[in-house]
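Subject: Structure for you to look over

Hello,

I am passing on a structure that you have not worked with before. Please look it over first; what I found is set out below it.

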Amino acid sequence: MRAIRALLFLFFPVAVAAHPGGGLIALDVNTVIFADSMYNAVWRLEKDRKPQALVKNFHAHWTTLGLDGNVYSESFQEIGGALFRIPLDGGKHVKVAEESGVQTLVFAVGKRGELIFQKGAQLIERSADGTVRRFRGSGEVAKAEPPLQQVIAYYWAADETLYLSDGNNLRRAGSDGVVRLVARIDGKLIEPKIWNSTGAPRIWSIAIDGRKRIYTALPDIGQVVRIDPDGSQHVVDRSAGGWRVTAVATFGDSIFLLESSDSTNAGQRVRVIRGTGKMEMLGQVEP
């Protein structure tokens with residue numbers, strides 16, 4: 001598989017061949033975790049320190065924090081790929097499920113370690129013993145709302161509401177498991193159109209701050225859009241210099257932005273917007 005990928009790199013720019021991921025986790029005000037499909041690792045990046053590979057030789061795109069407090073990632077786009085729990089102490093990653101048991105690229109994890117993912121037009125949950133049921137008894141889209149497209153990202157709110165995105169739709173599922181539309185984000189795509197562009201905006205990542213403001217990363221339009229509790233939308237960051245935000249995370253009043261270059265093989269970098277509005281560079285994976 002890696003030999004085939006190496007051949008692809010000879011014919012296509014690395015940033016195009018290595019589709020970046022949309023998962024970013026903030027551990028504290030200066031530390032984040034994310035997956036790197038370009039250099040095949042799951043990184044722990046701390047301000048003013050060299051990035052540490054929690055897992056190496058691991059082609060991951062989606063990394064997420066479960067309600068159980070554990071970090072999870074996947075290698076679904078490798079032959080024999082699977083879903084893993086990633087220890088933060090540098091220990092060996094633990095296989096949780098085979099790709100064949102999930103059959104989707106992104107997922108969420110509940111407080112008992114159950115896997116939540118899309119199956120057709122609904123959300124389902126699979127417990128550790130393999131029992132499969134509808135998410136919280138439903139998993140269905142609310143009546144009269146647009147049908148569920150391919151889910152791109154998940155995010156747990158503090159009250160255990162599950163937020164998810166499909167295309168440019170932001171949705172949520174509460175305690176009843178019914179999936180309801182929260183907002184739709186529109187915008188003009190910027191050039192180059194890359195990373196398996198569908199010709200329409202896609203919400204790659206979701207995060208919520210302590211004031212219940214929702215942050216969404218839309219690299220197709222080169223924007224990070226904040227949705228306030230009153231439903232108003234605000235652009236808080238725009239693509240510049242060929243860098244596009246593919247994932248967002250929050251911790252306290254800090255907003256973290258994971259970026260990839262749309263034209264070079266520069267390693268992923270993370271910027272952070274502090275509560276004062278000051279922007280700073282947290283760090284970068286060096287090629």
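Which residue in β19 is the bridge partner of L218? The partner is Q223. Please keep in mind that this is a predicted model.

Strand β18 covers residues 214–218, and five of the five are buried, so the strand is largely enclosed by the rest of the structure. In a regular strand the side chains alternate between the two faces of the sheet. Here both faces are covered: I214, T216 and L218 are buried on one side, and Y215 and A217 are buried on the other.

- β17 (residues 205–208) runs antiparallel to β18, and four bridges join the two. S205 has A217 as its bridge partner in β18. Five residues lie between the strands of this hairpin, and K212 takes a positive phi near 65°.
- β19 is also antiparallel to β18, with five bridges in the pairing. This hairpin has four residues between its strands, and G222 takes a positive phi near 65°.

Next, the cavity. The count comes to one cavity of 30 Å³ or more, and the volume of the largest cavity is about 30 Å³. The residues that line it are L218, P219, G222, Q223, V224, D237, R238, S239, R244 and V245. The elements giving two or more residues to this lining are β19 (223–227), β20 (233–238) and β21 (243–251). L218 and Q223, the bridge partners from the opening question, are both in the lining. By class, the lining has four nonpolar, three polar and three charged residues.

In soluble globular proteins, nonpolar side chains tend to be buried together. The largest nonpolar core in this model has 40 residues, and L83, F107, L123, Y154 and L162 touch the most other members. Strand β13 (residues 151–156) gives the largest share of this core, four residues. Leaving out residues up to four places away in sequence, L162 touches A108, I116, L123, F135, Y154, Y155, W156, R171, R172 and A173. There is also a second, separate core of 15 residues, with F34, W43, V270 and V285 among them.

Regards

Notes: Residues numbered from 1 in each chain as written. Predicted model: local features only at pLDDT ≥ 70, side-chain atom pairs only at ≥ 80, totals over all residues. Heavy atoms only, no water. 1 Å grid on protein atoms, 1.4 Å probe; cavity = no way out; pocket = protein on both sides within 12 Å on 5 of 7 lines; lining within 4 Å. Points joined across faces, edges and corners; volume = space filled by probe spheres on them. Nonpolar A, V, L, I, M, F, W, Y, C, P; charged D, E, K, R; others polar. Core = buried A, V, L, I, M, F, W, Y, C linked by side-chain atoms within 4.5 Å. Buried < 20%, exposed > 50% of the residue type's maximum accessible area, 1.4 Å probe, protein only. Contact = heavy atoms within 4.5 Å. Pairing = 2+ DSSP bridges.
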